[in-house]
Amino acid sequence: MACILHIETSTNVCSVAVSEDGQCIFEQKAEGEKGAGAERLGSMIDEALSFTDNHAIPFDAVSVSCGPGSYTGLRIGVSMAKGICYGRDLKLISVPTLELMCVPVLLREVIQEDDALLCPMLDARRMEVYAGLYDRSLKPVREVSADVVTEETYRQYLEERPVYFFGNGAKKCMETINHPNAHLIDNIEPLAKWMQPLAEKRFLQEQFEDVAYFVPFYLKDFVAIKPKPLV
């Protein structure tokens, strides 16, 4: 196992966590409008580093949520993560934001159907969302995309099986989606502590990013689509 510093800044809730041997041993979060929570990121990271230094726990890697999400928040989070990796000679791990949002849903064990799909959503204003579709093993069923939600957007999946929608973009979409197989799960947000199992899996598989050239989701994956970024 490893000791990993986790950084999540994709929404208005900014959070930092430390995991060691599969357990979360430190967590801090701050909330503010339009990425203002990220203003506290530096102090929260300092607290995390002081905590591990005081307990003589050496870091092995830094994991950062790589989006989609807030343009400003992701830029700050990735920059901080890269700076720590440079300063302490650590490995960098990226964790997709929508994938990490599935972790608390699976841990809650509220989904009983084996064939159910998970659809995390991040708000992109109006009826636009960033969304992904995963099965219960977190295997992508559809690529993450910027969706303009209508009653037809997810119909092909809803006609086949239950789909659970969650995240800060989900609630506004439920009336439009309007299908008996569509279910809403409230109070799910991306937090650093949920990154632990995904980051540790990537650490064990040596799926590391190039610290010099790594960029977050909004620069790497959506260049062709160019959705309206969250500010």
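In the predicted model, strand 6 and strand 7 (residues 128–134) run antiparallel and are joined by four bridges. Within this pairing, Asp 123 stands opposite Val 129 of strand 7. The two strands form a hairpin, with four residues lying between them. Arg 125, located in the turn, adopts a positive phi of about 75°. Strand 6 also pairs with strand 9 (residues 163–166), here in the parallel sense and again over four bridges. In strand 9, Tyr 164 is the residue that faces Leu 118. Strand 6 itself, which spans residues 117–123, is mostly covered, as six of its seven residues are buried.

Burial was also examined for helix 3. This helix comprises residues 97–108, and nine of its 12 residues are buried, so it is largely enclosed by the rest of the structure. The buried residues are Thr 97, Leu 98, Glu 99, Leu 100, Met 101, Cys 102, Val 103, Pro 104 and Val 105. Glu 109, just after the helix, takes a positive phi of about 60°.

Aromatic rings were considered next. Three aromatic pairs were counted in the model. In one of them, the ring centres of Phe 26 and Phe 51 are 5.5 Å apart and the ring planes meet at 40°; the pair is therefore tilted, since an angle between 30 and 60 degrees falls in neither the stacked nor the edge-to-face class. Phe 26 belongs to strand 3 (residues 23–31) and Phe 51 to helix 1 (residues 41–54), so the pair ties together parts that are 25 residues apart in sequence. The two residues fall into separate accessibility classes: because buried means under 20% relative accessible area, Phe 26 counts as buried at 11%, whereas Phe 51, at 22%, counts as partly exposed. Phe 203 and Phe 208 form an edge-to-face pair, with 5.7 Å from centre to centre and 70° between the planes. Phe 208 is partly exposed, with a relative accessible area of 28%.

Glu 209 is situated in the loop between helix 6 (196–204) and helix 7 (217–220). With a relative accessibility of 27%, Glu 209 counts as partly exposed. When neighbours within four places in sequence are set aside, Glu 209 is in contact with Leu 92, Ile 93, Ser 94 and Phe 214. The C-alpha atom of Glu 209 is separated by 20 Å from that of Pro 58, a residue 151 places away along the chain.

Terms used
Residues are numbered from 1 along each chain as its sequence is written. This is a predicted model: local features need pLDDT of at least 70, side-chain atom pairs count only at pLDDT 80 or more; totals for chains, interfaces and linings use all residues. Side-chain values use heavy atoms; hydrogens and water are left out. Buried means under 20% relative accessible area, exposed over 50%, partly exposed in between (1.4 Å probe, protein chains only). Contact means heavy atoms within 4.5 Å. Two strands pair if DSSP finds at least two bridges between them. Rings of Phe, Tyr and Trp (its six-membered ring) pair if their centres lie within 6.5 Å; planes under 30 degrees apart count as stacked, over 60 as edge-to-face and the rest as tilted.
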